[in-house]
Amino acid sequence: MRRIPTLLLLLLTLAAMPAHAAEDLVSGLSTDLIQIRSDFTGTDIVVFGAIETFDPGTPAEDRDIVVVIRGPEVPRVVRRRDRVFGLWVTRRQIPFTGLPGYYFIASTRPLDLVASADTLERFELGPSRLTADTDVPASPEEIAQFHAATVRTLTREQLYWENTNSIEFLSRSLFRARIPVPSTVPSGEYRAEVYLFHGGTVVSAQSTPLFVDKTGFERELYDFSNEAPFSYGLVAVFMSGALGWLGFALFRPRG
Amino acid sequence: MEIYLPIAEISVNWIMIVGMGAAVGFLSGVFGVGGGFLLTPLLVFYGIPPGVAVATQACHITASSVSGALTHWRRNGIDFVMGGVLAVGGLVGSILGVQLFRILQQTGQVEFTVTAGYVLLLSSIGGLMLNESVRAIRARRRGDPPQLTRHVQHSWILRLPLKMRFRHSKLYISVIPPLALGTLVGILTAILGVGGGFVLVPAMIYILRMPTGAVVGTSQFQILFVTAVTTILHAITNHTVDLVLAWLLVMGAAFGVQFGVRVGSKLRGEELRALLGILVVAVALRLLFGLVATPDDIYSVVVGVP
């Protein structure tokens, strides 16, 4: 729900734009549905776009493209271990809500050259600028440390990406970005956002939904385990019993 | 070769998982233990979330104990009365354990508790096993006559009330020790994802003084009940039983066990126990290292609400 103020802001920003900045943006996705089946090992999607009514008068160094993919919100708990009598024990945990389960950002130049810190903050551009809420009392320094640890860990797990220079220009106005999606991505609704910046301000933006969903057997099993956990447990035990019996029957000890 | 696990929500190399099941099944065939104490840490090491590893292990052990219990039942090696009393204790322990597991998960202490629990359990049991088997091997080399097992009850057990007759085991003892033992093993199953045979079997021999012929079968019988209930409880409470993972492990183990049994029958009992002792102590040391060594990142991030 935190996305609504940002989008509203974006619309207001665009409405306030002077009319002569006429460059506009169209973008699309190579797919709008990623299906997780039993052979799913991760995939790539391609975001492509074009700058319409391309204005050759705008200096190339003033023009920046930013591509963002945000996954559905996933609540997380961040823990810090400390040494107690020689053993590493969890001493502090802070739960975070509001962080996307997947986040990818690519830009034509390093983000701090694209726009001011304020603008980047407002559009949550860059993993370190994603806002997170917690219901645990903690000092801002502590929150910052735990937030940085979250971004570091999720980047290591290939769920968060920050790529400069990964937007490929096919012509002066046509571009694309390849987005790696690992097998550990959460399912749910994603949004692909493409921003066109001119000299540090957003002149055009597009947001396209994208769905990641388990399908077929995987979906059914997952739903079954959540909607009818008792029956699911019974089936698990029954399956184990049957397999155990089968093992006994096939390899029956002689005599 | 990759297969997606719908509950663990990661994709794994299925040959690897079947291989792990087979390797651990082989060891359990050789040594006659469930092997959960090896498989749970292996799965976590491979990247399966600990909650899923523990719950799925309970499901996997159900399958192997069904096979085991059936085999022993054919040989008349199960004391159903004793197994029943142990199972009642086990059910209580399992319910307590699953609740405890949830509390640990909420306070963020699951990983530490599970690892520390393994270290304590494995080092003490491995140590005892090594000590006993080395003595037995030395005694044999010196040509001592084998020690006779004294079928005398501990006096404190004889003083306990609520005595009951266990015809198959030729025992007349209080139900309190087997109930307590069952409860302890139930808690271990729920928290550590082990069958608990390596606690149950020695305790039945040395504390309850059961005849050895009925010990393994009876423990399999109790483990079957406790792991089945634990599977259902984990499925209800934590939604962490992954059927695809369980199926792969069971497939591997079913084959591994058969080879293991053949190898095991060629080794002497003392040597077997010494080897198992070394293995158990090695696992304990590896886990202890994980608790003591400075982690790469002192922060860790998990999905969920505390």
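The paragraphs below lead through a predicted model, beginning with the interface of chain A and chain B and then turning to the domains of chain A.

Because the model is predicted, local features are reported only at pLDDT of at least 70 and side-chain atom pairs only at pLDDT 80 or more, while totals for chains, interfaces and linings use all residues. Residues are numbered from 1 along each chain as its sequence is written, chains are lettered from A and ligands numbered from 1 in the order in which they are written, and side-chain values rest on heavy atoms, with hydrogens and water left out.

Where chain A meets chain B, 58 residues of chain A are in contact with 55 residues of chain B, contact being heavy atoms within 4.5 Å. The two chains bury about 5100 Å² between them, with 65% of that area on carbon and sulfur atoms; buried area here is the accessible area (1.4 Å probe) that two parts lose on being put together, summed over both. On the side of chain A, the residues that lose the most area to chain B are Arg79(A), Arg81(A) and Trp88(A), which together make up 13% of what that side buries.

The polar part of this interface includes 21 residue pairs in polar contact, both residues being at pLDDT 80 or more; a polar contact is a pair of N or O atoms within 3.5 Å, where within protein one must be able to donate a hydrogen and the other to accept it, and residues adjacent in sequence count only if both atoms are side-chain atoms. The elements that give two or more residues to this side of chain A are β5 (76-84), β6 (87-96), α4 (140-156), α5 (216-227) and α6 (229-250), and the largest share, 16 residues, comes from α6(A). Helices (H or I, at least four residues) and strands (E, at least two) are DSSP runs, numbered from the N terminus. By class, this side of chain A has 28 nonpolar, 18 polar and 12 charged residues, where Ala, Val, Leu, Ile, Met, Phe, Trp, Tyr, Cys and Pro count as nonpolar, Asp, Glu, Lys and Arg as charged, and the others, Gly among them, as polar.

A salt bridge is a side-chain nitrogen of Lys or Arg within 4 Å of a carboxyl oxygen of Asp or Glu, and over all chains the count comes to 13. Asp297(B) lies in the loop between α11 (269-292) and β5 of chain B, whereas Arg156(A) lies in helix α4 of chain A, so this pair joins two chains; the N to O distance in their salt bridge is 3.5 Å. Across the interface of chain A and chain B there are three salt bridges.

Strand pairing also crosses between the chains, for β5(A) and β5 (residues 299-303) of chain B pair in the antiparallel sense over five bridges, two strands being paired if DSSP finds at least two bridges between them. Within this pairing, Arg79(A) stands opposite Ser300(B).

Strand β11 (residues 188-198) of chain A pairs with β12(A) in the antiparallel sense over 11 bridges, and Phe197(A) stands opposite Val202(A). The hairpin of β11(A) and β12(A) has two residues between the strands, and in it Gly199(A) takes a positive phi near 50°.

Definitions and conventions: Domains from an automatic or database assignment.
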